[in-house]
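Welcome, and do keep the viewer open as you read. Here is a short tour, going from the domains to the sheet and then to the helices.

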Amino acid sequence: MALQCGIVGLPNVGKSTLFNSLSNAKAQAANFPFCTIEPNVGVITVPDERLVNLAKIDNPKKVIPTTIEIVDIAGLVKGASKGEGLGNKFLANIRETDAIIHVLRCFENDNITHVDGTIDPVRDKEIIDTELQLKDLETIESRIAKVQKQAVTGEKSAKRLFEIFQQYKNVLEQGRSARTVVLDKEDRKLVRDLHLLTDKPVLYVCNVDEKSAVNGNAHVDAVREAIKEENAELLIVAAATEADIAELETYEERQMFLEEAGLTESGVSRLIRSAYTLLNLETYFTTGPDETRAWTYTKGMKAPQAAGIIHTDFEKGFIRAEVIKYADYTALGSEKACREAGKISVEGKEYVVQDGDIMHFLFNV
Ligand SMILES: Nc1ncnc2c1ncn2[C@@H]1O[C@H](COP(=O)(O)OP(=O)(O)OP(=O)(O)O)[C@@H](O)[C@H]1O
Ligand SMILES: [Mg+2]
């Protein structure tokens, strides 16, 4: 299943415009608040030069990039956690995502309505954060009520859970996000089914005008200062410009347009790369005469789990993996040459897959 990133922000800040610049599925983007009600879902193929280079070597029948899903969600307003605006429905859409792309309006334009009258991305960010935190507080309070009894009489894990919930509650009550609570691996497992909104990794996208696409502006600086302690990524994107670029037919045209705007890489590529880092994702490849394909896995995964992404049987019946490094494959030009040069390593269940590995799994079922 593809990972999902949800685009959130106040109404009319450019969420659908950003969505349109990212995906081929088109959402309605217009200058009025609450233009989007039903979430728009788009699939983005992850651009990867290595996939192209491998395909050049093997010339397969099919080349399959890996994908992530982007969801354009309705705008959120103050009071959403209490059902204002599109309130709870909106929050349910966010709960289903793996990461949040938080769009902040950092462009001045008197013709585009701002629901709060002035351009102030730091205030906007706080409005959204507060709503998400209030919703999390509600979740945590109801969970605390449930484990309270067990925490006194029950097992050690229930006691620990109770402590962690209290920690979350304290943080949220101070107006901070759940992601500021740092847990070790064991504790993480305990709270796996909690799905707090403010625990999801977040990427801030400062939506600027075309002139500020490269260096940003004072609004961007203010956001950068405000998120300094959050351990979050910030990306400057001129969404309206990017959406125009995405409309162009050919790669050459798009490249020319980008250069005119002073950009070397499209916002789409930058955003996807950031989302990958944010979600702790890497890519391995499989390649041969039939198919060259990129697979997304979570950093640190061992060979059997990584094989399970292709098919659960690969994980269940895992025997071993043959691994070729991308650099060797492209330098030597074929699997045969790699074999002859001793560049294929045979790895077992404990092998930790590395970004760019070319994998061949052996399994029996
Ligand atoms: N960087 C930008 N510069 C100028 N105008 C922009 C920029 N980004 C978006 N806009 C304009 O802002 C308006 C609102 O954009 P959009 O519909 O994408 O907002 P939204 O956040 O999806 O709103 P809603 O929450 O109502 O769905 C549109 O007219 C769009 O063209
Ligand atoms: Mg919209």
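## Two domains

In this predicted model, the centres of domain 1 and domain 2, taken over C-alpha atoms, are separated by 33 Å. The domain assignment places domain 1 at 3-278 and domain 2 at 300-363. Where they touch, domain 1 gives four residues and domain 2 gives six residues. On the domain 1 side, two of these residues are nonpolar, one is polar and one is charged.

## The sheet

Let's turn to the open sheet, whose six strands follow the order β2-β4-β1-β5-β6-β7 with mixed pairing. β2 (40-45) and β7 (233-237) are at the edges with a single partner strand each, so one side of each has no neighbour in the sheet. From one strand to the next, the twist averages 25°.

Within it, Val-41 has Val-71 in β4 as its bridge partner.

## Helices across the sheet

α4 lies across β1 (3-8), β5 (99-105) and β6 (202-207), at about 145° to β5. α10 (residues 267-278) lies across β1, β2, β4, β5, β6 and β7, and runs at about 170° to β7.

## α4 against α7

α4 (residues 121-153) also packs with α7 (residues 218-226), their axes 8 Å apart and at an angle of about 45°. The two helices are therefore oblique to each other. Pro-121, Val-122 and Lys-125 of α4 meet His-219, Ala-222, Val-223 and Ala-226 of α7. By class, this contact has five nonpolar, one polar and one charged residues.

Note on methods
Residues are numbered from 1 along each chain as its sequence is written. Chains are lettered from A and ligands numbered from 1 in the order in which they are written. This is a predicted model: local features need pLDDT of at least 70, side-chain atom pairs count only at pLDDT 80 or more; totals for chains, interfaces and linings use all residues. Axes are lines fitted to C-alpha atoms, for helices over the stretch in contact, and angles run from 0 to 180 degrees between N-to-C directions. Helices (H or I, at least four residues) and strands (E, at least two) are DSSP runs, numbered from the N terminus. Angles under 35 degrees count as roughly parallel, over 145 as roughly antiparallel, 65 to 115 as roughly perpendicular and the rest as oblique. Two residues are in contact if their C-beta atoms, placed from the backbone, lie within 7 Å. Ala, Val, Leu, Ile, Met, Phe, Trp, Tyr, Cys and Pro count as nonpolar, Asp, Glu, Lys and Arg as charged, and the others, Gly among them, as polar. Domain bounds come from an automatic or database domain assignment. Two strands pair if DSSP finds at least two bridges between them.
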